[in-house]
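Please open the model in your viewer and keep the selection panel at hand.

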Amino acid sequence: MRRMTVSILDDYFDTLRTLPCFARLAPFDVTIWNDHVEDLDVLVERLKDTEVLVLIRERTKIQTPLLARLPRLRLISQRSVYPHIDVDACTRHGVVVSSNLHADTPSYAAAELTWALVLAAMRQIPQQVAALQRGVWQLGVGTTLRGKTLGIYGYGRIGKVVAGYGKAFDMNVCVWARETGRAMAREDGYSVACDKEAFFEECDVISLHMRLVESTRGIVNAADLGRMKPTALLVNTSRAGLIAPGALVEVLRAGRPGTAAVDVYEEEPLINPSHPLLGMPNVVCTPHIGYVTRDEYDVQFSDIFDQVLAYAVGAPIHVVNPEALLVFASERT
């Protein structure tokens, strides 16, 4: 196994080196960066000797201007979807992109955060805590989940888990998804909406659980959201791009739905306190922490580091741009 230089970006709390799976990188020279940098020149300086780049989700964009200045880079290893990576540019520069899409393993961390946001929003927990800290005893009246209708939009790995949480809370679970997802939901004993319009009109809580790909970008628009009840809650722990740009702020201001809870944003990291969602009293916001637990990190980075090891022994796995393997093969001959 060849010793390689490995760089890891955006490990905000220096967590990775404390995980059991980190031992897998022992054969390599590893540098970890804990801050987030967008300046191109700074990134180039940091990564100029890097052969393997490990990414934490979509925290840093990998585009042509950066790739063109990193001639030693040969592998990008990450997990899940990759809208932040210019895959075609990687191929042109002979950079292999490995990303396990983990189609068979749900993120229980993301599902748990989804349910935490449902409870927090319906019972006004953040607002009640803030009021108590100001010396105000009880701010308002919350809503019970039992007997309400939970809408799951996208019945995949995480949506299925969240549906189970809703059932445990004695909610009526209703699903809208692609035809295959609707069929699976029926098999699992859940009701399926007759159409998309009825789904948005009838549900008391709607939680989005879809991958962000070209076919799902903007799949939820202002008209969809405007059909929701004034008492309803919209939850998004998946990707902000599933909702048409600006639509969520627009409908919340109009009063349908009455509440939202979001963990994802159109631009991340969101560090602008004047962002409209942050100033709305009927919105609960968290900073994209759905997958940010030690347990989930160890699961995800076990995959990511296995991809590095596979590359090091000449057998790359989970390759999303197989054309780059031709360059890879030529270098090994």
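For the residue classes used on this tour, Ala, Val, Leu, Ile, Met, Phe, Trp, Tyr, Cys and Pro count as nonpolar, Asp, Glu, Lys and Arg as charged, and the others, Gly among them, as polar. The model is predicted.

**Stop 1: the second largest pocket.** Select G156, R157, H209, M210 and R211, which lie nearest the centre of this pocket among its 35 lining residues. Two elements, α6 (157-168) and α7 (179-187), each give two or more residues to that lining. The space inside comes to about 850 Å³. Colour the lining by class to get 14 nonpolar, 15 polar and 6 charged residues.

**Stop 2: the largest pocket.** Next select E58, E266, E267, E268 and P269; of the 43 residues lining the largest pocket, these lie nearest its centre. The volume is about 1,100 Å³. By class, the lining of the largest pocket holds 24 nonpolar, 8 polar and 11 charged residues.

**Stop 3: the cysteines.** How many disulfides does a search of the whole structure find? The search finds 0. Select C203 and C174 to look at one case: the sulfur of C174 is the nearest cysteine sulfur to C203, at 4.6 Å, and C203 is in no disulfide. A disulfide would need the two sulfur atoms within 2.5 Å.

Is C203 buried or exposed? C203 has a relative accessible area of 1%, so it counts as buried. Finish at C90, which is also buried because its relative accessibility is 0%, under the 20% cut-off.

Methods:
Residues numbered from 1 in each chain as written. Predicted model: local features only at pLDDT ≥ 70, side-chain atom pairs only at ≥ 80, totals over all residues. Heavy atoms only, no water. 1 Å grid on protein atoms, 1.4 Å probe; cavity = no way out; pocket = protein on both sides within 12 Å on 5 of 7 lines; lining within 4 Å. Points joined across faces, edges and corners; volume = space filled by probe spheres on them. Helix = DSSP H or I, 4+ residues; strand = E, 2+ residues; numbered from the N terminus. Buried < 20%, exposed > 50% of the residue type's maximum accessible area, 1.4 Å probe, protein only.
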